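Trainee: Could we go through this model together? I'd like to know where the labels come from.

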Amino acid sequence: MSSEDHIKETDTEARFEFKKEQKSAFQTEKGLTEETIRLISEDKDEPEWMLERRLRALEQYKAMPMPTDWPGQPDLSEVEIDEIVPYIRPDIETRGGAENWDDLPEEIQDTFDKLGIPEAEKKALSGVGAQYESEIVYQNMQEQWEEKGVIFCDMDKAVQEHEEIVKEHFMTKCVPPSDNKFAALHGAIWSGGSFVYVPEDVTVNMPVQAYFRMNSEGMGQFEHTLIIAEEGSEMHYIEGCSAPKYSAFNLHSGGVEVFVGEDAHVQYSTVQNWSKNTYNLNTKRAIVEENGRMEWISGSMGSKATMLYPSTILKGRGASDNHITIAMAGEGQDIDTGAKVYHNAPETKSTIESKSIAKDGGRTNYRGLVHIADGAENSSTAVECDALMFDNESTSDTMPYMEINESKVDVAHEATVGKIGDEDIFYLQSRGLDDDDAKQMIVSGFIEPITEELPIEYAVELNRLVELEMEGSLG
Amino acid sequence: MATLEINDLHARVAEEDGERILRGVDLTVESGEIHALMGPNGSGKSTTAKVIAGHPAYEVTDGEILLHLDEADVADIDEDIDEADYTWNLLELEPNERAALGIFLGFQYPAEIEGVTMTNFLRQAINAKHEEREELFEDEEAEADADEDEDAGYDSSPMEGPTDEGEIGVAEFQQLLSEKMELLDMDEKFMQRYLNAGFSGGEKKQNEVLQAAMLEPAVAVLDEIDSGLDIDRLQDVAKGINALRDEQGTGVLQITHYQRILDYVEPDHVHIMLDGEVVKSGDAELAEQLEDKGYDWVREEVYEAA
């Protein structure tokens with residue numbers, strides 16, 4: 001079966017649920033010690049400053065308590081870092097990622113074929129990075145972008161080849177390790193991820209995509225993404241994630257830092273479909289200069305528990321932010337997600353739209369913060385959160401915090417929580433749709449106002465995942 | 001030519017000590033006929049309609065609802081049809097399976113579904129209907145076995161067929177839709193609106209008739225399709241109902257309180273319900289009598305005879 005056929009014909013969990021025999025060139029022991037960190041850094045042949053940053057982050061990690069006191073937060077008691085294998089380097093020749101899919105070992109090539117990545121690359125992407133376990137195994141970008149000075153490479157390679165710019169931006173002013181315990185953890189054992197640099201006034205008109213795949217049981221994935229969009233530039237970055245399901249827990253704790261220059265525009269889209277044994281605890285943040293624009297689009301379908309609140313600091317006058325969040329929680333899932341926006345300059349603008357769906361006893365929570373600083377006059381924010389529940393066992397909460405320290409602002413907030421109606425289902429059934437299709441239609445209608453704003457390639461993938469999730473539990 | 005046959009139907013609200021509403025309804029509607037079902041509030045008209053369509057809020061305690069089909073009704077099916085496939089016991093089927101066999105319910109209060117455009121909805125409904133028909137008429141023995149084995153529930157899709165088989169083409173769909181909408185005097189803008197969301201009462205009712213026209217049912221049960229309509233809309237809707245009968249041979253069971261719509265959609269038969277039963281049937285003249293005299297004389301007549 002060709003990869004395209006595989007995608008068309010396996011609209012079931014099978015599309016993501018396949019495991020490959022684990023073949024690694026190097027992996028650390030379970031747990032987190034200074035020795036482990038030194039081993040990782042040495043295996044990567046890193047400059048001294050990076051090792052120092054890692055070790056400092058490790059100290060901060062140890063000093064910080066596990067977050068347990070957030071109201072209604074997911075239960076993280078199972079997350080025992082000493083049970084995690086933090087670093088697995090797959091057995092491939094090329095460091096920094098092959099430029100040709102054929103150069104990869106068959107099992108890795110087959111993994112990404114099944115996920116449809118090479119196919120998508122041919123059709124609609126400017127560049128692709130693919131991470132398997134702890135390392136980027138494939139990295140390629142169309143030549144035309146290279147010629148314009150765009151850099152899209154593996155984060156590890158960036159540390160070597162673009163050392164100065166990485167040293168300046170890597171976990172310094174955007175997401176310092178001190179931000180939270182998992183940011184500190186990430187700072188200590190990060191591996192892989194993407195580095196993107198878009199020069200002044202360059203518009204990368206097709207998205208670049210990174211795909212993150214965890215294959216091994218009990219591992220942790222800690223990729224770091226650093227995006228720098230210079231003045232007047234534009235780009236769209238898509239990340240996808242998945243893993244097969246194991247009985248032991250997996251941990252994903254990524255770090256994303258985005259620098260949006262003056263008049264620049266960055267769109268960051270995530271489709272997260274981690275297996276239901278994965279804890280997904282990320283820190284993502286953007287700093288936006290004057291009249292720049294940041295958009296976060298997040299679809300959270302997978303994972304056992306997610307805590308993710310992409311945040312934007314609107315630093316320059318007239319900077320703007322748009323958050324679109326779709327979360328779906330089924331049996332045993334606790335998806336705690338939202339958005340944070342800091343309006344630190346006048347005439348800044350943010351809109352946050354969140355849609356969540358809880359079914360079969362799942363839980364979704366919108367947790368968000370909008371902060372408008374004193375002096376950020378003529379700023380505006382609009383927050384809208386809607387939740388849909390399938391049954392009485394499922395739960396959904398909304399916690400939209402607002403800190404408004406400036407009086408000349410425009411603040412709007414709306415929230416709805418509803419249960420899927422039996423009469424609505426019967427109406428659709430009486431027109432010929434079966435129970436599942438009727439519910440699916442109601443759900444896609446519920447998220448429609450959001451999906452119609454999405455880039456097409458993202459909307460297609462998202463809709464397919466929503467369908468898949470619905471089939472998985474309602475069938 | 002299809003026949004909907006309701007025999008001695010008893011139903012109650014599906015909850016503990018649920019109220020008994022239907023107490024022995026007998027009614028037969030054939031393709032191409034227009035029936036009016038009238039009666040005072042609370043006599044069981046709407047419940048009859050919902051039970052025919054399979055509403056889960058009601059439990060049938062006795063009686064049967066049969067749908068008899070003939071060769072013309074299954075002309076679209078490629079399979080060999082068993083003799084047994086010409087008669088269906090609707091009470092054993094899910095609402096969507098009943099719809100696939102040709103039962104349509106026009107709702108008194110249609111649901112509003114946000115975010116789903118009319119076009120999207122209608123295409124999916126038509127495709128779902130075709131797909132379900134294939135399944136219902138295919139491999140009957142295996143399905144019958146499954147039915148007997150577990151009386152707890154009927155698996156609506158025992159096998160997932162390829163979904164694109166037999167789907168209606170975009171051009172074909174658009175043309176069909178344009179024709180039907182023109183007939184009902186509906187603006188094409190409706191097609192990009194969300195299903196019933198923010199529709200006026202009259203628009204919703206037009207939309208119910210439009211859906212019936214698109215789905216081409218064997219029997220359409222229209223529950224108070226005339227309520228809340230101004231005179232212009234009433235005429236549009238009436239034209240649509242007549243077209244269902246004249247162009248598609250649909251049998252219509254129309255539930256109404258008023259003679260008004262019957263001036264435009266002349267019924268072949270009129271039935272009167274009282275206290276959960278059909279107590280009197282007649283021709284169009286019966287409805288006119290009701291308009292003049294109300295229901296009291298029917299009640300007197302029925303209870304005197306009893």
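Predicted model: local features only at pLDDT ≥ 70, side-chain atom pairs only at ≥ 80, totals over all residues.

Trainee: Why is C153(A) called buried?

Mentor: Buried means under 20% relative accessible area. C153(A) has 6%, so it counts as buried. C241(A), with 3%, is buried as well.

Trainee: Okay, rings next. What makes W101(A) and F112(A) a tilted pair?

Mentor: Two rings pair if their centres lie within 6.5 Å. Planes under 30 degrees apart would be stacked, and over 60 edge-to-face, with the rest tilted. Here the centres are 5.8 Å apart and the planes stand at 45 degrees, so the pair is tilted. Both residues are buried, too.

Trainee: Why can you say that this pair ties together parts of chain A?

Mentor: W101(A) is in the loop between β2 and α4, while F112(A) is in helix α4, so the pair joins parts 11 residues apart in sequence. Ring pairs also link these two with Y132(A), Y138(A) and Y211(A) into a cluster. Over all chains, the count is 14 aromatic pairs.

Trainee: What makes K293(B) count as sitting over the ring of W297(B)?

Mentor: The distance part of the rule asks for NZ of Lys or CZ of Arg within 6 Å of the ring centre. The charged end of K293(B) is 4.4 Å from the centre of the W297(B) ring. For R123(B), over the ring of F173(B), the value is 5.9 Å. The rule also wants the charge within 35 degrees of the ring normal.

Trainee: And how do you know that β3 and β8 of chain B are paired?

Mentor: Pairing takes at least two bridges. These strands have 4, in the parallel sense. In one of the contacts, H35(B) has L253(B) in β8(B) as its bridge partner.

Trainee: Last one: why are β6 and β10 of chain B said to stand at the edges?

Mentor: The open sheet runs β6-β7-β8-β3-β9-β10, with mixed pairing. β6 and β10 each have a single partner strand, so one side of each lacks a neighbour in the sheet.

Definitions and conventions. Residues numbered from 1 in each chain as written. Chains lettered and ligands numbered in written order. Heavy atoms only, no water. Buried < 20%, exposed > 50% of the residue type's maximum accessible area, 1.4 Å probe, protein only. Helix = DSSP H or I, 4+ residues; strand = E, 2+ residues; numbered from the N terminus. Phe/Tyr/Trp six-rings, centres within 6.5 Å; stacked < 30°, edge-to-face > 60°.
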